[in-house]
Amino acid sequence: MVKAGYRRRRIRLSAEDRVFGIVTYTLAILFMLVCAYPLIYVLSASVSNPALIVSGKIVLLPKGIQFRAYEAVFKSEDVLLGYRNAIFYAFAGTAINIVLTTAGAYVLSRPDLWGRTAITFLISFTMFFSGGMIPTYITIKNLGMINTVWAMLLPGAISATNLLIMRNFFTHSVPQEIIEAAYVDGCSNIGTLCRIVLPVSGSIIAVMVIFYFVGHWNAYFSAMIYLNDKKLYPLQVFLREILIQNQLGDMSGGADTVNQAEMTLLYEALKFAVITVATLPIMCVYPFLQRYFVKGVMIGSIKG
Amino acid sequence: MQKIRRPSVKRSLRKYWDLYLILIPVVAYFVLFKFLPMYGLQIAFRDYKPRRGFWGSDWVGLKHFIRFFSTYTCWQIISNTLVLSLLTLFFTFPLPILLALILNEMRDGPCKKTVQTITYAPHFLSTVVVVGMITAFCSPSTGIVNTLIKAFGGDPIYFMAKAEWFRPLYVISEVWTNTGWDSIIFLSALSSVDVQMYEAAKIDGASRMKMLRWITLPSIMPTIAIMLILHCGRVMSIGFEKVFLLQTDLNIGVSEVISTFVYQQGIRSAQTSYATAVGLMNSVVNFILVITVNTISKRVSEVSLW
């Protein structure tokens, strides 16, 4: 312990400043609670006894803890199929995204590359004007991609915004001298990209991975309009059936009336279990990537 | 300073042939999935027949545009779009600024970090999950919202079936999902405010409230102005997914916006050219809005998108 006389004390806060501090922290906690409450409720309800949910006994904490809803979710062929498909689309899609976005961003960041201004302009143009839903649909149909996995992977293979964010990073945050030095030493351009530039671009790649991955995982629209084969559906389509259209699919309990009544009750907990199962993977990962995506939003806001 | 020479084709090709090679798939992507659909926009002026393609279908001029503007519902759809996005803007714009200011006043540490992490969380939920949660919470018999209403002696409200609740539900859920995420941009603007100004103010005996009013707010005013202008440029382009998922037969009168109308006509009802025309009209309006607000922003603050 430091003696009181020597303790470095801050300048005494005036009463006004103390009130200001209290108000600030109160509001911050209020914001946090409002954001957290629905999520906590979902988690609590998913492990509670459905009879207690129906009678309105669950307000914050779970009661009558049981995991039957999760058992039903993990037994459902639909949910498992959707999960497998979503994992495939998210990983394969993100891989394609990263390779193409990095390639495009790096090439267009070379200051003395002929044609870069024109190509960059055309790419930026697609951010502000597009063919729209119907012509895009027809194009994809004409390319023969309807009802194939490609419809989930290729139409969103590059986001112009992300490409430009990454190009900004390559132009402003990677020292151009090391690229020049590698060139002088006889390194090929692709070699420079892979061995010199990418190792110092970890943060921007992390940003891109999380942006794209979350995008794929949460994508609903493209699956709805481009797919009609149930075997290809990602999780979000099944989620909509269960959560919004109240269709239990293969979990409905079949023709057995006792089973059906039981399922109807269990549904009250099951919808929350499905939400948890669909969301938990991302909820567990993003806090660790927080400092990266905060940086990403900042890089994106710098004018290029 | 090194003088930047205009790149010559030959020199560039020799030096960068491998980069041009890896640029091919990127260019191919934009041509196939972005510019080909733009070329396809011409079917807005034709009667599209799948067998005859974009180019071969009969030219009909402005027929589809005239048809849209002569329908009884067209102004309703346009006003639904505008009202919904203006309401959303009105409620979702100020809160992220407030949150960023609060976070900025907090000391760095686990408390601030926790508030940030939790307020960002809803941004990572999918639209389907958010609408699913709304549906579950607002269920008249078992939803928590109605349980609370009943606990306070009120009558349960069937939110999803009431047209007048569509807009509040949409706006509230937008606020919930995006406030934390949207605060990041303001927070990063706040972090670049010169610390010396605060120190000077402190020596002069300024209270924290005074510093907030006279240093912090003026410093992020340009960012606020730009964000507001950019948002105004997007008033006609409301997201499709959430409106579509919240739409029911009972609220269609207020929930039919341009994008859902285009989907309904073009993909469900196979009125391809008609839907394309409505979509094109919307895209052109959006484009003009973005260009206009960007020009204004450039003139006022010398900040622009490009």
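A residue is called buried if 20 or more other C-beta atoms, placed from the backbone, lie within 10 Å of its own, exposed if 12 or fewer do, and partly exposed in between. By this rule, 38% of the 304 residues in chain A are buried. The structure is a predicted model, in which local features need pLDDT of at least 70 and side-chain atom pairs count only at pLDDT 80 or more, while totals for chains, interfaces and linings use all residues. Residues are numbered from 1 along each chain as its sequence is written, and chains are lettered from A and ligands numbered from 1 in the order in which they are written.

Chain A holds 14 helices and zero strands, where helices (H or I, at least four residues) and strands (E, at least two) are DSSP runs numbered from the N terminus. Helix 6 (residues 133–142) makes a friendly example: eight of its ten residues are buried, so this helix is largely enclosed by the rest of the structure. Among the buried residues of helix 6 in chain A are A:Met133, A:Pro135 and A:Tyr137. After helix 6 of chain A comes A:Gly144, with a positive phi near 75°.

Turning to the partner chain, 74 residues of chain B are in contact with 77 residues of chain A; contact requires C-beta atoms, placed from the backbone, within 7 Å. On the side of chain B that touches chain A, helix 1 (residues 9–40) of chain B supplies the largest share, 19 residues. That side of chain B comprises 50 nonpolar residues (Ala, Val, Leu, Ile, Met, Phe, Trp, Tyr, Cys and Pro), 19 polar (the others, Gly among them) and five charged (Asp, Glu, Lys and Arg).

Methods
Two residues are in contact if their C-beta atoms, placed from the backbone, lie within 7 Å.
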